[in-house]
Amino acid sequence: MMEFPKYPLTLVETKKIAETYPTPFHIYFEDGIVKNAKRLKEAFSWNSGFKEFFAVKACPNPHILSLLKKQGFGTDCSSLPELVMSERVGIKGEEIMFSSNDTPKEEFEKASELGAIINLDDISHIEFLETTLGGKMPELISFRYNPGPMRQTGEENVIGNPEDAKYGFTKEQLFEGYKMCKEKGVKRFGIHTMIVSNELTIDNLVLTAEMLFELAIEIKEKLGIELEFVNVGGGVGVAYKPDQTPVNLEELSSKIKEKYDSIIVTNKMELNLYMENGRFITGPYGFLISKVRHMKHTYKDYVGLDGSMANLMRPALYGAYHHETVIGKEELPLDHKYDVTGSLCENNDKFAVDRMLPEIVIGDYLAIHDAGAHGYAMGFNYNGKLRSSELLYTSDGTVKQIRRAENIEDYFSTLDFGTVE
Ligand SMILES: *Cc1c(COP(=O)(O)O)cnc(C)c1O
């Protein structure tokens, strides 16, 4: 089994950073992100059109997008601000996959202006898009497919069973949709699906690719349309728990290649393989650093941090496990049981429940692992909690603030005290 990734800095280094940037803060490690990105590209280099479109929602920060852009990644966007953020980082045209649902007109307009690949979530959006764009369809269109009852997923899956998921076209609609678009003059086509999330089982990820490869053949046979790409979505999992095994990318890739060879190559076709992972790309390389403010002993022993679920919502939202390191106490026995809490007036504001940790005292620093994706991004201001800073630990060992912490005036900035009566 692989060793669980360690928090890379010492207590002295962490304290030094905290002198300039008070806790809580999110810190991302450039080296880890870049190595991981290179590994993904390398693993899928057998497919000459392979491309990863980083799901912006996982870590929406221009510095992170820029790092990934340098690795040849595009972005997967599903809102106007995500599109604009990509644009401002210089990611444009078909480097952007626009996969949204319940989409407002302005977003289709912006996506079209940028020349993004538009991935439609519903058959009714074909006409909506056409009308929005003044009667002119884009040259390239993709559809999001939902296999419904044809595909069951496990209970761990955040998205749920496809049949209950709000996303995508049914199979019938898919064929109808391609036909409609062809008649409307669309020249190039792709297909997309996103069925699983945080999936660690390679075979389940392979099934998605296989399903889309088979569909590509069926679409060619029935409609005479040769798809240009299949986008297998995101959802490659992160081993949040020490006893979980991280996804072996090379094995995943070689199993997908087997399917590609036996389905696509055998049928004399060629397809670009696209992915839009978020979690897997940045998740393990980000940590939420928070300091112990109070200790409380009642019916249980509580560690009170200066961070809260406003900085990292996943444990409260879906009972997600995030590993914790008490920085500087890595070698001590895990012989104390704690609930690690924040200060929100919500009892589920807990980073961990009944967690075995070394003995903790006020002033200790905790590193909460795997916070590099769906961490800061899910933050919110409930209870007047101000959002933290984001830091980048660069490859040359310097720390760069890539988002400052909010102050109280930021929090008030959309309010108007001037007209209060
Ligand atoms: C959330 C999302 C992703 C990224 O999911 P991860 O679990 O972070 O890999 C990709 N595509 C779509 C359409 C999504 O909604």
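Which residues are exposed on the other side of α1? They are Val12, Lys16, Glu19 and Thr20. This is a predicted model.

**Helix α1**

Helix α1 runs over residues 11-20. Thr14, Ile17 and Ala18 are buried in this helix. These three cover an arc of only 100 degrees around the axis, so they sit on the same side of α1. Val12, Lys16, Glu19 and Thr20 lie on the other side and are exposed.

What do the buried residues of α1 pack against? Their partners are five strands: β1 (25-29), β10 (286-297), β15 (365-368), β16 (389-393) and β17 (399-403).

**The ligand site**

| Residue | Protein atom | Distance to a ligand oxygen atom |
|---|---|---|
| Lys57 | side-chain N or O atom | 2.7 Å |
| Gly235 | backbone N or O atom | 2.9 Å |
| Gly278 | polar backbone atom | 3.0 Å |

How much of the ligand does the protein bury? Taken alone, the ligand exposes 390 Å², and the protein buries 91% of that.

How values were computed
Residues numbered from 1 in each chain as written. Predicted model: local features only at pLDDT ≥ 70, side-chain atom pairs only at ≥ 80, totals over all residues. Heavy atoms only, no water. Buried < 20%, exposed > 50% of the residue type's maximum accessible area, 1.4 Å probe, protein only. Helix = DSSP H or I, 4+ residues; strand = E, 2+ residues; numbered from the N terminus. Arc of directions from axis to C-beta. Contact = heavy atoms within 4.5 Å. Polar contact = N/O pair within 3.5 Å; in protein donor to acceptor, adjacent residues only side chain to side chain. Areas by Shrake-Rupley, 256 points an atom, 1.4 Å probe, with all protein chains shown as cover.
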